[in-house]
Amino acid sequence: MTILFNKDKEFDLIAVGRACIDLNAVEFNRPMEETITFQKYVGGSPANVAIGSSKLGLKAGFIGKIPNDQHGRFIEQYMSNVGIDTSNMVIDNDGHKVGLAFTEIKSPEECSILMYREQVADLYLEPAEVDEEYIKRTKILLVSGTALAQSPSREALLKAVKLAKKNHVKVIFELDYRPYTWKSKEETAVYYTQVAEQSDVVIGTREEFDMMENLDHEGVNEKTIKDLFEHSPELVVIKHGVEGSFAYTRSGETYRGKAYKTKVLKTFGAGDSYASAFLYALVSGKDIETALKYGSASASIVVSKHSSSDAMPTVEEIEKLIKGNNTI
Ligand SMILES: Nc1ncnc2c1ncn2[C@@H]1O[C@H](COP(=O)(O)OP(=O)(O)O)[C@@H](O)[C@H]1O
Ligand SMILES: O=C(O)C[C@@H](O)[C@H](O)C(=O)COP(=O)(O)O
C-alpha cells in the first residue's frame, strides 16, 4: 500500500520546530564527567530530518527560529549547504540562545543526552512568523512534538498544522518527546493528543505514545491505533528500538520493519534518520513495507556513526544495506 501525496507541490517536505546544536563526546565509552572534547554538529530532531531528507534528494524547507549569533549562522549555513531552503528560518533579535544537546556515549547501549534548553530561540517562534504561502507549497509538513512544549512556539505549530490541513498538505507528526521544557505529563498528553488527532501520519516510539496517552505502564499498539483511527490519521508508525517497528494503516494492514545489524557506536540519531528515509520512500511512491526498510536501514547506518545530522546516508548506502538483508 502507498500513501498519496499532492504532486503539484514544489517542496517535498517542510519541517517546523527546532534547529539546534549537538555537542557529541569525542572520547566515547566514558561518562560525561570524564569527557573533555565535544564535536559540534547541527542538531534538533526536525532539523535532522530535513537534513536527512535533503541528502536523499528531497526538496526540503524549514520553519524555525535561530539566534542572531555565531551559532545561529552556523546552523543556517550548514542547512543551506545541504540544499535546504532556509528562507523561512527567522532570526531572533531578543537575545534568545541556541539549544545545546551534549551527548554522552558511555557504551553502545548506554547513551544519554544532556540538553540546555532555557530561553532557547526555537521556542520563541511566533504564530505571525508562520507563512501560509510557504506551507501551501509542500507535500509534507513535518511537525515535532517538542515545539508544543511552550508558547509562543506551541501556537505557531498549531497554526502551521491548521494551515497545512486547509491547503491539502499532509501533516506528519514526529512525537519527538523530550522531557525538558514540559511542565507536566498531563500537559504533554493534552497537546500531543490534539496534534496527533489532526495529523495524517503519526510516528513515535512506544514510550512516546505512552506519554501521549498519559500511561504509567507500557501501552498496547492496537489500542493506540484504534483511538487514532477515529480521527485524521491514515498511518501510524510505532517504533520499538532494536526490535524494529510497526506501521498500521487505517484500512487495517499491519507491516513490520526489522532493524539491520550494525556495529553500534551510539543509540541517538536513530529516530531522525529513520523518519527522513521513511518519508523519502513514502513520498517517492514506494509502498509502506519498503518505506519501513528504508527507515530501518538509514537508522542502522546513523547509529554506527558519530553524529546524527552529518552522518545521514545516501540512497545508495541505504539500498545496499537493504539488499544485504542482514536483519536482526
Ligand atoms: N541498536 C540498533 N541497531 C540497529 N538499528 C537500530 C538500533 N536501535 C534502533 N535502530 C533502528 O532505529 C529505529 C528507531 O529506533 P528507536 O530507538 O525506536 O527510535 P528513537 O531513536 O526515536 O528512540 C528502529 O526501529 C530500528 O530500525
Ligand atoms: O533533537 C535534539 O535536539 C537532539 C538531536 O539532535 C540528537 O542528535 C538526538 O537526540 C537524536 O535523537 P533521535 O534521532 O530521536 O534518536
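User: Which backbone atom sits 2.9 Å from an oxygen atom of ligand 1, in Gly271?
Analyst: A polar one: in this predicted model, a polar backbone atom of Gly271 is 2.9 Å from an oxygen atom of ligand 1. That is a polar contact (a pair of N or O atoms within 3.5 Å; within protein, one must be able to donate a hydrogen and the other to accept it, and residues adjacent in sequence count only if both atoms are side-chain atoms).

User: How much of ligand 1 does the protein cover?
Analyst: On its own, ligand 1 has 560 Å² of accessible area, and the protein covers 82% of that. Accessible areas come from the Shrake-Rupley method with a 1.4 Å probe; for residues, only the protein chains shown count as cover.

User: What are the ground rules for the model and numbering?
Analyst: Local features need pLDDT of at least 70, side-chain atom pairs count only at pLDDT 80 or more, and totals for chains, interfaces and linings use all residues. Residues are numbered from 1 along each chain as its sequence is written, chains are lettered from A and ligands numbered from 1 in the order in which they are written, and side-chain values use heavy atoms, with hydrogens and water left out.

User: Back to ligand 1. Which residues come nearest?
Analyst: Lys239, Gly241, Tyr260, Gly271 and Ala299, out of 15 residues around ligand 1. Near means that one of the residue's heavy atoms lies within 4 Å of a molecule or strand. Lys239 has a polar side-chain atom 3.0 Å from an oxygen atom of ligand 1. Gly241 uses a backbone N or O atom, 2.9 Å from an oxygen atom of ligand 1.

User: Which element gives the most to that shell?
Analyst: Helix 8, with 3 residues. Helix 8 and helix 9 (288–302) each supply at least two. Helices (H or I, at least four residues) and strands (E, at least two) are DSSP runs, numbered from the N terminus.

User: How does the ligand 1 shell divide by residue type?
Analyst: Into 7 nonpolar, 7 polar and 1 charged. Here Ala, Val, Leu, Ile, Met, Phe, Trp, Tyr, Cys and Pro count as nonpolar, Asp, Glu, Lys and Arg as charged, and the others, Gly among them, as polar.

User: And ligand 2, what's closest there?
Analyst: Arg18, Asp22, Gly44, Gly269 and Ser308, among 15 residues that surround ligand 2. A polar side-chain atom of Arg18 lies 2.6 Å from an oxygen atom of ligand 2. For Asn48, a polar side-chain atom lies 3.1 Å from an oxygen atom of ligand 2. Gly271 turns up here too: a backbone N or O atom lies 3.2 Å from an oxygen atom of ligand 2.

User: How much of ligand 2 is buried?
Analyst: The protein buries 90% of the 410 Å² that ligand 2 exposes when taken alone.

User: Which elements give two or more residues to the ligand 2 shell?
Analyst: Helix 1 (45–55), strand 7 (111–116) and helix 8 (270–283). Helix 8 has the largest share, 3 residues. By type, the shell splits into 4 nonpolar, 7 polar and 4 charged.

User: In what sense do strands 1 and 8 pair, parallel or antiparallel?
Analyst: Parallel, over 5 bridges between strand 1 (residues 11–16) and strand 8 (residues 138–144). Val16 stands opposite Val143 in strand 8.

Note on methods. Pairing = 2+ DSSP bridges.
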